[in-house]
Amino acid sequence: MKDLLLITPPFTQLNTPYPATAYIKGFLNTKNISSYQIDLGLDVILELFSKNGIRKIFETEINLQEISENSQRIYALREEYLKTIDQVIPFLQGKTPTLARQICSMNFLPEASRFNQLDDMDFAFGNMGLQDKAKHLATLYLEDISDYIIENIDSDFGFSRYAERLGKSANSFDELYSKLSDDQTFIDNFTLEILREKLESVQPKLVCFSVPFPGNLYAGFKCAQFIKKNYPHIKTAMGGGFPNTELREVKDQRVFEFFDFITLDDGEVPLELLCNSVLNPSPETEYKRTFLIENQKVTYKNNSKKHDYKQADIGTPDYTDLKLDEYISVIEIANPMHSLWSDGRWNKLTMAHGCYWGKCTFCDISLDYIKIYEPISAKILVDRMEELIRTTGETGFHFVDEAAPPALMREVALEILRRNLVVTWWTNIRFEKSFTRDLCYLLKLSGCVAVSGGLEVASDRLLQLIDKGVSVEQVARVTRNFTEAGIMVHAYLMYGYPTQTIQETVDSLEMVRQMFEMGILQSGFWHQFAMTAHSPVGINPEEFGVTPVKEEILFANNDIDFTDKTGIDHSKFSFGLKKSLFNYMHGINFEFPLQEWFDFKIPRPAVHPDYIHDCLLDDPSFNFKGNSKVVFLTKNVIAENRVKNKKKYSGSYTLLTFHLKTNIIKIDLEQNKAEWLMKVLEENSIENPKKITAQQLKNQFEEDFEDFELFWFSKPIQQLRDNGVILSL
């Protein structure tokens, strides 16, 4: 028995838990409030994609004469699906890796229409391993079954969303309410049976649903409806990303037939107060950012003076109760960066609450989850990493920041190296100029394997209008720095921003084409601009040349329909942009004219064909920056004194040999300068938390020698800097 049951309703991700309930459970632990958490989506998927679940799928009555040829084929091969499903799922869970050879034999899995895309299989997976190829084939196999379910059984099904259309821009509750009044769907049967078992075993007093996306909304309501009907003594609450952004103006009383409470923004204090209200009722109940029914109408209560907790005080996320070894890793396309989202288990952490930039005009910067910026210290973050490694056995981390701050990333990387931790991590960033070659190399050494960031509209005029704070040239240089350090880069791309012309869309695509061709981008995703209610564009649309379509808001309010004064139908670009990007991510067809990707006439790009190439033609920088921090990253140095047989030295010299992981660097210096450098390396090793500045280094050097800059930019020292022995941060 637990006080609280925390639920993520179907569906989010197959490969790793959505972190909200783990964050909340970690906080509740600090308050000695007992809780149990479940990822209901994973439980449903495992039931559905089992021999028993597949049998139920094929036992559902269909008209063989009316279904598609693809569904007819899947139905005809149903015995093959029944035979193989209980082999494929454990393989995708990482439990039976030897099955990869059988899967790759191409005579093991039944194949329907998803396998038609395999013409370039050898090309796409030629450089990837057997396991990845088998995961991709097994993913296509699951997608074939999914296509059958969508066509014949439940059109709302999706692996990472369910009935998403009901939650998108649902200004009225009518459609969702009507759907909830219908009979249970095929998927509901699985969901509610699992929920019933959990309620019976946990016996909670309060059930809290974290609803991050529109694709979780219907299932969250359906579960709450089931609880209200069958367990009326249990209170229900909803929080998470969807209500935080879309339900801030909820007025429809029918919503509260399902949920007793809806909380907004950071959930710790609102939930703590709800626990007090439910577990220890009193007439003087306090609430924080909470909707409820009072005096027969929807009321927003915020009568508590209790402040939100600092990020350092909310505890370490706790993944206890979740079935960490049963998540399913899938590979949808043969792109190493893309697979990070769907392949492998990641512990989720946040470096900083909110966004340190907080200016982008398309973003919900008026909401607290972005507006209130509060970083966590590197020491606390790495403490939490070590605790999660102990409790989960996983060393992979995804920092789920809006945009991770470069200075904090640097400190986290140094702390990881100081503690000699072996971790793998990735995060979301802004393409700041502070991501220098040296900083990117440091991040790589600490275990960073990938970053994602918003290039948005690859046009300097529109980037300025967006207030992104970057230029295309800057993005190109930063992505080059990451790529050269061995860190993969994913770019979020946007089209259809207010006042964007057709020429600018074409030019953006050309910029993206050049960046992929130069090898400085490894992955990307195009999405069409959506005007949201809490962004600067949504708040002041006239300033951006758009006119909103006014609608009465009784339920959800986020995406706003609008008309753009340009009158351009941006949606017609969607297919061509995505098809070209798919090719570029596979490293092919850069030579195709952009017109090839569209079935309507487009203008020629106005961007010079070597624009990105020329952006990357850096002159070597010999500017001395006294305030930069200097880090020395090796202790594996052997010094050998030699006699004066080199013309450039008047006295004896010292040969310094640096043994790096993958190569050996040898430099020779005058003996006294070599001794000075060895002393500096010893005093300023990575274990020393205090970092010396370039100016302090210069002052020390010039106590004994002259002209530090001449020494600092000399060929031997440059060799050490080029190989990451000395980093200026």
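## Charges over aromatic rings

Arg 345 is placed over the face of Tyr 319, at 5.4 Å from the ring centre. Likewise, Lys 698 lies over the face of Phe 624, at 5.5 Å from the ring centre. A charge counts as sitting over a ring if NZ of Lys or CZ of Arg is within 6 Å of the ring centre and within 35 degrees of the ring normal.

This is a predicted model, in which local features need pLDDT of at least 70 and side-chain atom pairs count only at pLDDT 80 or more, while totals for chains, interfaces and linings use all residues. Residues are numbered from 1 along each chain as its sequence is written, and side-chain values use heavy atoms, with hydrogens and water left out.

## Aromatic pairs

The whole structure holds 48 aromatic pairs. Rings of Phe, Tyr and Trp (its six-membered ring) pair if their centres lie within 6.5 Å; planes under 30 degrees apart count as stacked, over 60 as edge-to-face and the rest as tilted. One of the pairs, Phe 11 with Tyr 162, is edge-to-face, with 6.3 Å centre to centre and 80 degrees between the planes. This pair links distant parts of the chain, 151 residues apart: Phe 11 belongs to the loop between strand 1 (4–8) and helix 1 (20–30), and Tyr 162 to the loop between helix 8 (130–152) and helix 9 (174–181). Helices (H or I, at least four residues) and strands (E, at least two) are DSSP runs, numbered from the N terminus. Both Phe 11 and Tyr 162 are buried, a term for under 20% relative accessible area, with exposed over 50% and partly exposed in between (1.4 Å probe, protein chains only).

The pair of Tyr 497 and Phe 529 is edge-to-face because the ring centres are 5.2 Å apart and the planes stand at 70 degrees. Tyr 497 and Phe 529 are also both buried. Elsewhere, ring pairs join Phe 173, Tyr 177, Phe 209, Phe 221, Phe 258, Phe 259 and Phe 555 into a cluster.

An open sheet is formed by 6 strands in the order 8-11-12-13-14-15, with parallel pairing. Two strands pair if DSSP finds at least two bridges between them. Strand 8 (347–349) and strand 15 (523–528) are the edge strands, each pairing on one side only.

Within this sheet, strand 11 (residues 396–399) and strand 12 (residues 424–429) pair in the parallel sense over 4 bridges. Phe 397 has Trp 425 in strand 12 as its bridge partner.
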